[in-house]
Amino acid sequence: MAAGAAKLQLQERAPLPRTAWKLADLAVLALLLALLARRAASLLAVSAGGAAAAAAAPACTWCWVAALVCEAWFTFVWLITVSTKWSPVRFDTHPERLAQRSEELPAVDVFVTTADPKLEPPAVTVNTVLSLLALDYPAGKLACYVSDDGCSPATCFAMREAAEFARLWVPFCRKHGVGVRAPFVYFSSGVPPVRGGAAAADEFRREWTAMKGEYEKLVSRIENADEESLVRRGDGEFAEFVGADRRDHPTIIKVLRDNGKEGDGDGIPSLIYISREKSPRHPHHFKAGAMNVLTRVSGVLTNAPIMLNVDCDMFANNPQVALHAMCLLLGFDDEVHSGFAQAPQKFHGALRDDPFGNQLEVLYEKLGFGIAGLQGMFYGGTGCFHRRKVIYGVPPESTADIQTTRMRGSPSYKELQKMFGSSKELIESARSTISGEMLAAAPMADDLTSRIDAAKEVAACSYEAGTNWGQEVGWVYGSMTEDILTGQRIHAAGWRSALLNPDPPAFLGGAPTGGPASLTQYKRWATGLLEIILSRNNPILLCITKHLEFRQCLAYLVIYVWPLRAPFELCYALLGPYCLLANQSFLPKASEPGFMVPLALFLTYNAYSLAEYMDCRLSARAWWNNHRMQRIVSSSAWLLAFLTVVLKTLGLSETVFEVTRKEQQGDGGAGAGDDADQGRFTFDSSPVFVVPTALTALTLVALAVGAWRAVAGVSAAGGGPGAGEFACCGWLLLCFWPFVRGLAGKGSYGIPWSVKIKAALMVAAFVHLCTRN
Ligand SMILES: O=c1ccn([C@@H]2O[C@H](COP(=O)(O)OP(=O)(O)O[C@H]3O[C@H](CO)[C@@H](O)[C@H](O)[C@H]3O)[C@@H](O)[C@H]2O)c(=O)[nH]1
Ligand SMILES: [Mn+2]
């Protein structure tokens, strides 16, 4: 390739070498296979029943069979993980090279979803919205849509105030080249240093202080806004909220700012508030439903060819993010390589050393870059730039699917109506999106308010009936993790995706803190993932029938098997305590040569995962916290998700999207002094805590019984537990240490009695089973 041509490239796809890691991958795999082989050989010796073999044969056959099954499962999980991590790539983007091509920049519709003014304080959403309105991108080509599933006048009021404040904030950011354009972050540190003379510094300080004052006033207006008095206001601005129940109300759409109308001089993007119609008679499909409404409403208003979607707490941390994304969306010779561009989820003000194991840094860096090297990064629900036509179900040029050819060229009006519903305006705009080049899709209206009726029509909750929305068009329904499912549909259509990883990071958001919130989030994810496996969108099916690549399918499985791992991991965790209680063993004795295999595996595996954390510039503490949380999550959230989906499949219950509580940072500021307590595990009476509590108590009992037996010397000759079983229980206890503390803790740091009693009943039943002869 000529050097000259490479210079103009907007992006480069750089493979990341990892020879040493590959060797380590294979070493762990070899040890796993050795473990399986030895176990299988011992079991065969039993069934052969020869007197000579009896010495090497296990005492507790069924323990060995159970262990074999679990270890085979662990080997499978390791294999698909290795395949996913094997060949990572990085995408480098060069937005400065876009400078000469600024007329080519496509318009972007930005979607922000919020669902509950209590769990998601409007001040948080306001910061997200302001950071987006202030992006370095032509203001006439940006429009921001806020979806409010909470139908809250307080949120609507906050957005209106944000639109006002943007008049000051956006020019300020542009003038001074502000780095992070979410005001709460910008003002959380003092006056930044300025270059230039004392006079310039003085003037800047004055402007900075004035702006900070304005921001504080904005926050206090938002926080003091009271829903009751808002709807009763004389000017009738919030009249539509009178009597509106969040589960039952007509659509509310407010154009809070119209860039087209303000004239060219005004460099502030449009801002539109939407609370879609809700009715108890129609399922609303949670976030996926909200995204589909946003897609349609924006389709009849601005119809940008690119859509950016962020959660309400994920502010833009890099003002150039849209330009970086354009490098990926415009920078490939064939657009098939960037069906969408996804930024990894990263967190702001995250607790030190990831005490709740939900910052997912290693997951993104090790698995994420690996997936980027396959068919492409998964869609993560936030921080993602989509092509509108991809969301509309258009396959890439290169795939020659007979079923989907109707989506290329010019589909008939009837076909479009079948897919997109009956709105004339939407069909017209979809036609231009499907057939058009990036830029051809022109804005639908000069004046946004003139199209409100058309927008309300497509936001109605009965609009989707009989159409392809939620299936082949838009965000896919049927899973609590609509993001991964929607991304999978795009990959199955033959698109690839790109990883958007600029420096500084593209978006930052909040990670849940505390035991209940973290486990609820993991439970929702695991529930959604299992729903996908059990549906017609199973990746193995899509791999066979559509264009999902084989290793990409395995990569999806790495995540999808989370809830399926729970029963295996629980079973394996129970083997140690069982053996101590029942005076049995499931591992070779320390004196036998066979003991070296599990020992080496234990050491190598843990050293490997610790090294991964080190490689990602994280501490050993962060590794331990994540390792421990994975055991806790598996026995609580994943297990419960597994059971929930089993119940749903039997038709006994429904799954719901439980919104994560967002911490409002920067007000009052949680002191750094109580850092240790912030990371301390908290509990409530939720059923997720029952099994890990039982497991902890059981391990304590088992260790006590095992120790007593060893001291009293009553162990059966040869058959009883050895160092291996004791080590397993000890390790388990270390992993579940937050629960050991919780057994004795007070307040939210203590496990509630209702949970303890249920756990105690489980332990009693298990001990009875183990010791019954
Ligand atoms: O009925 C609903 C429920 C949720 N949301 C919004 O969905 C977003 C994500 O919800 P959150 O509670 O923050 O979930 P997280 O677990 O933090 O989100 C991750 O996981 C979700 C799938 O489970 C994805 O949708 C998200 O994009 C992804 O960031 C938020 O903006 C909510 O306001 C709605 O708009 N309507
Ligand atoms: Mn979130």
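**Entry 1: helix α20**

I started with α20, which is mostly covered, with 15 of its 21 residues buried. Before going on I noted that I am working from a predicted model.

Next I checked the length of α20, residues 562-582. At 1.5 Å a residue its 21 residues should span 30 Å, and the C-alpha atoms at its ends are 30 Å apart, so the two agree. I also looked for bends and found a kink of about 30° at Leu-575, shortly before the proline Pro-577.

**Entry 2: the shell around ligand 1**

Which residues come nearest to ligand 1? I got Thr-113, Ala-115, Asp-311, Gly-381 and Thr-660, out of 24 residues around the ligand. Then I asked which elements give two or more residues to this shell: they are β3 (108-114), α9 (286-301), α16 (482-492) and α17 (515-533). The most comes from α17, with four residues.

I have eight nonpolar, nine polar and seven charged residues written down for it.

Asp-311 sent me to β7, residues 306-311, where six of six residues are buried. Is one face of β7 covered, or both? Both are: Ile-306, Leu-308 and Val-310 are buried on one side, and Met-307, Asn-309 and Asp-311 are buried on the other.

Then I looked at what β7 pairs with. As a reminder to myself, strands of a sheet pair through backbone hydrogen bonds, either parallel or antiparallel. With β3 the pairing is parallel, over six bridges, and I noted Val-108 bridging to Ile-306 of β7. With β11 (residues 384-387) the pairing is antiparallel, over four bridges. Ile-306 turns up here too, with Arg-387 as its bridge partner in β11.

**Entry 3: a three-strand sheet**

I also found an open sheet of three strands, in the order β8-β13-β10, with mixed pairing. Its edge strands are β8 (315-316) and β10, each pairing on one side only. I followed the β8 side: β8 and β13 run antiparallel and are joined by two bridges, and Phe-315 has Leu-508 as its bridge partner in β13.

I went looking for exceptions.

Which peptide bond did I find to be cis? It is the one from Asp-503 to Pro-504, with omega near -5°. Pro-504 sits in the loop between β12 (497-499) and β13 (507-509).

For positive phi I wrote down Phe-286, near 50°. Phe-286 belongs to helix α9. I count Phe-286 as buried because it has 22 C-beta neighbours inside 10 Å, and the cut-off is 20 or more.

Asp-354 also has a positive phi, near 50°. I found Asp-354 in the loop between β10 (346-347) and α11 (361-372). Is Asp-354 buried or exposed? It is buried, since 25 other C-beta atoms lie within 10 Å of its own.

**Entry 4: what UniProt says**

Last, I checked the record. The UniProt entry, which is unreviewed, lists Asp-149 and Asp-483 for "active site". I placed Asp-149 in the loop between β4 (142-148) and α5 (153-176). With 25 other C-beta atoms within 10 Å, Asp-149 is buried.

Lys-287 lies in helix α9, and its 23 C-beta neighbours inside 10 Å make it buried. As for Asp-311, I already had it down as buried in β7 and among the residues that come nearest to ligand 1.

Methods. Residues numbered from 1 in each chain as written. Chains lettered and ligands numbered in written order. Predicted model: local features only at pLDDT ≥ 70, side-chain atom pairs only at ≥ 80, totals over all residues. Near = placed C-beta within 6 Å. Nonpolar A, V, L, I, M, F, W, Y, C, P; charged D, E, K, R; others polar. Buried ≥ 20, exposed ≤ 12 C-beta atoms within 10 Å, placed from the backbone. Pairing = 2+ DSSP bridges. Expected span 1.5 Å × (residues − 1). Bend = angle between axes of the 7 residues up to and from the residue. UniProt positions renumbered as here; feature names shortened; annotations may be inferred.
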